[in-house]
Amino acid sequence: MTQSHPRISKAVIPAAGLGTRFLPATKATPKEMLPVVDKPAIQYVVEEAVSAGLGDVLMVTGRNKRPLEDHFDRNYELESALQKKGDASRLAKVQESSDLAMIHYVRQGDPKGLGHAVLCAAPHVGDEPFAVLLGDDLIDPRDPLLQRMIDVQEQYGGSVIALMEVAPEQIHLYGCAAVEATGDDDVVKVSGLVEKPDPADAPSNYAIIGRYVLDPHVFDILRKTEPGRGGEIQLTDALQQLAEDEKVGGPVHGVVFKGRRYDTGDRGDYLRAIVRLACEREDLGPDFRTWLRSYVAEEM
């Protein structure tokens with residue numbers, strides 16, 4: 001039976017990580033600002049939130065993240081120069097990022113893990129459900145995962161996580177969910193979660209990917225959550241408590257995603273994401289695909 005739950009309006013984007021896997025590029029440049037074709041990765045994530053109706057965005061940042069704020073702010077000098085040149089196309093692209101959403105910022109301070117980063121959002125979010133989008137996962141706009149998760153949360157209440165089936169030998173790289181079937185093919189009930197389990201101990205091959213719609217009761221749990229795997233406060237551990245006791249924050253459901261996802265958190269996957277997106281661009285794709293075929297033919 002469909003229930004009535006508060007409409008989600010806020011998105012939280014944790015962006016305080018050091019980006020050590022991309023050093024030295026991230027020594028002075030936030031990993032979220034690395035370009036994916038011609039836009040920084042973080043802009044794709046904000047656009048996804050806005051497309052799902054979440055125009056109030058909080059970024060949880062840290063030291064050396066000022067370029068994030070600059071990117072989503074106005075740059076009057078650059079805009080004036082483009083106007084004088086009559087370059088309307090590039091001017092529109094520059095202004096697009098500053099007009100996307102109402103964006104707020106809070107600093108995490110100590111890097112204590114994803115759970116702690118989400119907890120930093122509590123004063124802004126208040127007592128209402130909210131979405132969390134991780135910047136390493138880019139979801140193709142043709143596959144509206146976040147909107148589906150919001151719909152599921154509005155139907156069932158509680159929290160909703162995004163799941164994707166992965167090869168058993170890869171499950172140790174992810175949080176993993178124990179699940180039960182529901183009446184919807186793409187929705188499962190989550191009965192347990194574990195962070196980066198050994199393949200032999202994993203309850204399934206359903207991996208948690210970087211999208212969450214969370215009940216605000218998660219903040220109360222995170223305040224009491226002790227550091228877990230890696231010495232960090234794990235969001236997965238807090239969600240495990242919500243899954244165990246539905247009386248506190250409602251149930252936890254998962255949306256099984258089978259669409260297009262681009263992982264920019266790994267160097268190899270980052271390069272593959274750029275190639276895939278460039279190939280699909282109307283303005284770049286035809287020439288780029290021709291060159292790519294030629295290059296592969298010559299090299300192979």
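Which residues of helix H8 (residues 217–224) are buried? Select that helix in this predicted model, where helices (H or I, at least four residues) and strands (E, at least two) are DSSP runs numbered from the N terminus, and pick out Val218, Phe219, Ile221 and Leu222, which are its buried residues; buried means under 20% relative accessible area, exposed over 50%, and partly exposed in between, with a 1.4 Å probe and protein chains only.

Seen down the axis of H8, these buried residues fall within an arc of 165 degrees, so they line one face of the helix, the arc being that of the directions from the helix axis to the C-beta atoms. On the face turned away from the buried side, select the exposed residues Arg223 and Lys224. The buried residues of H8 pack against helix H5 (114–119), helix H6 (122–125), strand S6 (130–133), strand S11 (206–214) and helix H9 (235–244), with contact meaning heavy atoms within 4.5 Å.

Residues are numbered from 1 along each chain as its sequence is written. Local features need pLDDT of at least 70 and side-chain atom pairs count only at pLDDT 80 or more, while totals for chains, interfaces and linings use all residues, and side-chain values use heavy atoms, with hydrogens and water left out.

Next, select Asp143, in the loop between strand S7 (137–139) and helix H7 (145–156), which counts as buried because its relative accessibility is 16%. The Asp143 side chain makes a polar contact with the side chain of Arg260 (2.8 Å); such a contact is a pair of N or O atoms within 3.5 Å, where within protein one must be able to donate a hydrogen and the other to accept it, and residues adjacent in sequence count only if both atoms are side-chain atoms. Leaving aside residues up to four places away in sequence, Asp143 touches Phe257, Gly259 and Arg260.

Then turn to the largest pocket, which holds about 1400 Å³ of space. A pocket is an open set of points on a 1 Å grid over the protein atoms alone, with protein on both sides within 12 Å along at least five of seven lines, and lining residues have an atom within 4 Å of a point; grid points are joined across faces, edges and corners, and a volume is the space filled by probe spheres set on the points. Of its 44 lining residues, select Arg21, Lys31, Leu134, Asp136 and Lys196, which lie nearest the centre. Strand S11 provides the largest share of this lining, four residues.

Key: On a 1 Å grid over the protein atoms alone, a cavity is a set of points where a 1.4 Å probe fits but cannot get out, and a pocket is an open set with protein on both sides within 12 Å along at least five of seven lines; lining residues have an atom within 4 Å of a point.
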